[in-house]
Amino acid sequence: MHNAESAKIKDVILEGVYEDNLTMSAPHVKPVRSVKQPGYHSATGVLTVLLTTVLLILFQFIVDPIHQQSTNPVAFSEMASILPWAEIVHDQMAGPSTVQQASYVVDSTPSPVTPFNAQRLLDYNLLLNHDQVRLSSVFGLDVQTIVIDPGHGGRDPGAIGSQGTREKDIVLDIALRLRDQLTQSGQYMVLLTRDTDTFMSLADRVRFSNLNKADLFISLHINALPQNQFNVTETFYFGPPSDLYTLRLAEQENRGSELLTGDFKNMIKKIGDVLKEQESATLAATIQHSLFSNMEKYDRVIADNGTKIAPFVVLLGVDAPSVLVEISCISKSEEETNLNNPAYREKITSSLEEGISRYLTQRHTQVVKGDDNGKKISTNNS
Amino acid sequence: MIMVKKSAQTTADEKLLVGIDLGTSRSAISADNGKKKWVKSYVGWPRDFISRKVVGKAMLFGKEAVEHRLSLDMYRPLKNGVIKEGTVRDEEAVKELIRHLISLVQPSKSDSKIRAVVGVPAESFKVNKVALKKAVAEFSEALFVVSEPFAVAYGVGALDNALVIDIGAGTVDFCIMHGTVPSEEDQRTVLTAGDYIDQQLFAFLKERYPEADFNLNMIRRFKEEHSFVGTVEKNVEVEIPVAGKSTAHSITKEMKRACESILPAMVESTLELIAKFDPEYQDAIRGNIILAGGGSQIRGLAEYLEEIIGEYGPAKVRVVEDPLFGGADGALELAKEMPEEYWTEL
């Protein structure tokens, strides 16, 4: 190899090493302070949230008098009909005329506090892209319907362990247990995409969740790794893959989605849904934290892969905040034996329930940005 | 005029560049002050107060730890190629091991700032890189973590169209180099490595010589001295005590069988990795296979692989000159050539 060529390759390689390590240096989780927290000094942020909230409540009086009652908690599924910027987002996709209509309403509303550029204020980007604002908190959005999705089923066994244990059976059993545990509080309606050993395409699971106006969607899976010595737990929410392994896993789980390209185009528009992303990230982090900290009691060498972003079709299509949990690895023989034990499955269920409950009780606090590790969750509840 | 002799000691403003190879069995360090050291990747803490008095130290490393193992809680933190996450002592052991390695090359009373490139087993790079980074962060001003076979490749200048097979104790790591930082797809890890040979040899000898009295450390020594694949000119004979009396035992067949037990997975992974690569460059890669790590010292291994892989097209397999320091030297080379702005920006 010529020296010049070798030097060029080395430059590329050194830059690659630098970039690799730069991503490693990023903090694991960025627990973002609650808008109510005293340490929050960004005056612009506070003003933005405060003024926007006041203005938006006023809009609801103008645009739709029915929503005068909207100070009550509202389900995520009803969000689209309530949040004005959600309409704006939607309308912008539909065409410019409706945007003007929305702007007209905005312009006619006097600013209630100080002379302020209402046009700028109502630029939804200001709110949607502000990473210190948790939309569910601003609007007190509530959760009523939780859909649990046991992966695979019927002719699709999912991963199979060396002892013949099938992923579809384990996740169904855990899903049934989780339904029982979550319904005990009497606060939530819990639905399963399948409660028997039946095949269900990913598209059908998405339709089921959306038809039932799910407020949370939790898909349960068991992983399998080529290295049968490793056990890993990880939780995903939708987004571009964080690494190649994740991409491969997504391809594997997306097989047989039975989605048409047309459907996909419509679905991809939903990526911009900031609320869904915020909530999914937080839900993923709390579930993962609970699951790992409990499971390491039973498997000291289980690895915590944290939360990851991955393009799972099932997560993209569902309207509600959604996560996909890869509970553990059936490829590890000891773990497979454990999974066959009902008491162990009950413990897993309790860990999942603990994570979900923690998410539900601290929903009005912080935004957890998607990252590769969900171990450290701030518990600064407001 | 008085000539002032420049002190050999590094000053507070100076940087000491180090390359570290954090291995499952041995860990090595190379520094740009010319020092090179290695230790067995063992860390031991005295079990109790009495043990502490007996060993005379709060912590022991490498060979010294192995020698006093009966008095110590022993840790081999990267066993199987990964840090057992959540095991505080294993994480601490990694940290102490790195601290110890740095102390071996850093001049005493020196405040020189350490800039490190640390090569770790490929699987550990995937699973524990953040934990590893945290472990080293305490002792260094800035550091880069890279996968071990990649560091070896960089050290021997195999930057393009090459396959590095790093045969360690816990893992055999494969890494294809194609002019860029290898992605996960360019790498493979197989868990049948040096330790597996030890276990196999132990079992075979136990079966053949049930009366012989030996332990895994002795087995490891036999392997290091006599390992081979294929044929060997002279029979392998070792001294093993029987009822307290040192007795010569022939272990040729068992040694061959144990060493060859890692070959199927190694050959399969090599062929699979090459087959997945761009067909235009497969011949070039096959012609540039480099064996590294302790396992590369198995006699006849390069020739054996060359013959088997050669069935798929012309193949050339060579062994790195210094398997013990290949990784550390490669990591040091990376450290030396890393632009200043990368260090500071990191």
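At what angle do helix α6 and helix α7 of chain B pack, and how far apart are their axes? In this predicted model, helix α6 (residues 194–208) and helix α7 (residues 216–226) of chain B pack at an angle of about 110°, and their axes are 9 Å apart.

**Chain composition**
- Chain A contains 16 helices and 8 strands, and 52% of its 382 residues count as buried.
- Chain B contains 13 helices and 15 strands, and 53% of its 346 residues count as buried.
- In chain A, 81% of the contacts between residues at least 6 apart in sequence join residues at least 24 apart.
- In chain B, residues 24 or more positions apart account for 66% of the contacts with a separation of 6 or more.

**Nonpolar cores**
- The largest nonpolar core comprises 45 residues, and L163(B) and I165(B) have the most contacts inside it.
- Helix α9 of chain B (residues 263–276) gives the most to this core, contributing 6 residues.
- A second, separate core holds 38 residues, including A159(A), L220(A), F292(A) and L360(A).
- Leaving aside residues up to four places away in sequence, L163(B) touches F174(B), C175(B), I176(B), T270(B), L273(B), I274(B), I285(B), N288(B), I289(B) and I290(B).

**Packing of α6 and α7 in chain B**
- With axes at about 110°, α6(B) and α7(B) are therefore roughly perpendicular to each other.
- On the α6(B) side, the contact is made by G194(B), D195(B), I197(B), D198(B), L201(B), F202(B) and L205(B).
- On the α7(B) side, the contact is made by L216(B), I219(B), R220(B) and K223(B).
- The residues of this contact between α6(B) and α7(B) divide into 6 nonpolar, 1 polar and 4 charged.

**Packing of α5 and α12 in chain B**
- The axes of helix α5 (residues 148–155) and helix α12 (residues 326–337) of chain B come within 7 Å and cross at roughly 70°.
- Angles of 65 to 115 degrees count as roughly perpendicular, so α5(B) and α12(B) are roughly perpendicular to each other.
- From α5(B), the residues in contact are E148(B), F150(B), A151(B), V152(B), Y154(B) and G155(B).
- Their counterparts in α12(B) are G326(B), G327(B), G330(B), A331(B), E333(B), L334(B) and E337(B).
- The residues of the contact of α5(B) with α12(B) divide into 6 nonpolar, 4 polar and 3 charged.

**Aromatic pairs**
- Over all chains, the whole structure holds 6 aromatic pairs.
- One of these pairs joins Y18(A) and Y342(B); the rings are stacked, at 4.2 Å centre to centre and with 5° between the planes.
- This pair crosses between chains, from helix α1 of chain A (residues 3–25), which holds Y18(A), to helix α13 of chain B (residues 340–345), which holds Y342(B).
- Both Y18(A) and Y342(B) are buried.

**A partly exposed helix residue**
- A137(B) lies in helix α4 of chain B (residues 122–137).
- Because its relative accessibility is 39%, A137(B) counts as partly exposed.
- A137(B) and K95(B) are 42 residues apart in sequence, and their C-alpha atoms are 9.3 Å apart in space.

Notes: Residues are numbered from 1 along each chain as its sequence is written. Chains are lettered from A and ligands numbered from 1 in the order in which they are written. This is a predicted model: local features need pLDDT of at least 70, side-chain atom pairs count only at pLDDT 80 or more; totals for chains, interfaces and linings use all residues. Side-chain values use heavy atoms; hydrogens and water are left out. A nonpolar core is a set of buried Ala, Val, Leu, Ile, Met, Phe, Trp, Tyr and Cys residues joined through side-chain atoms within 4.5 Å. Buried means under 20% relative accessible area, exposed over 50%, partly exposed in between (1.4 Å probe, protein chains only). Helices (H or I, at least four residues) and strands (E, at least two) are DSSP runs, numbered from the N terminus. Contact means heavy atoms within 4.5 Å. Axes are lines fitted to C-alpha atoms, for helices over the stretch in contact, and angles run from 0 to 180 degrees between N-to-C directions. Angles under 35 degrees count as roughly parallel, over 145 as roughly antiparallel, 65 to 115 as roughly perpendicular and the rest as oblique. Ala, Val, Leu, Ile, Met, Phe, Trp, Tyr, Cys and Pro count as nonpolar, Asp, Glu, Lys and Arg as charged, and the others, Gly among them, as polar. Rings of Phe, Tyr and Trp (its six-membered ring) pair if their centres lie within 6.5 Å; planes under 30 degrees apart count as stacked, over 60 as edge-to-face and the rest as tilted.
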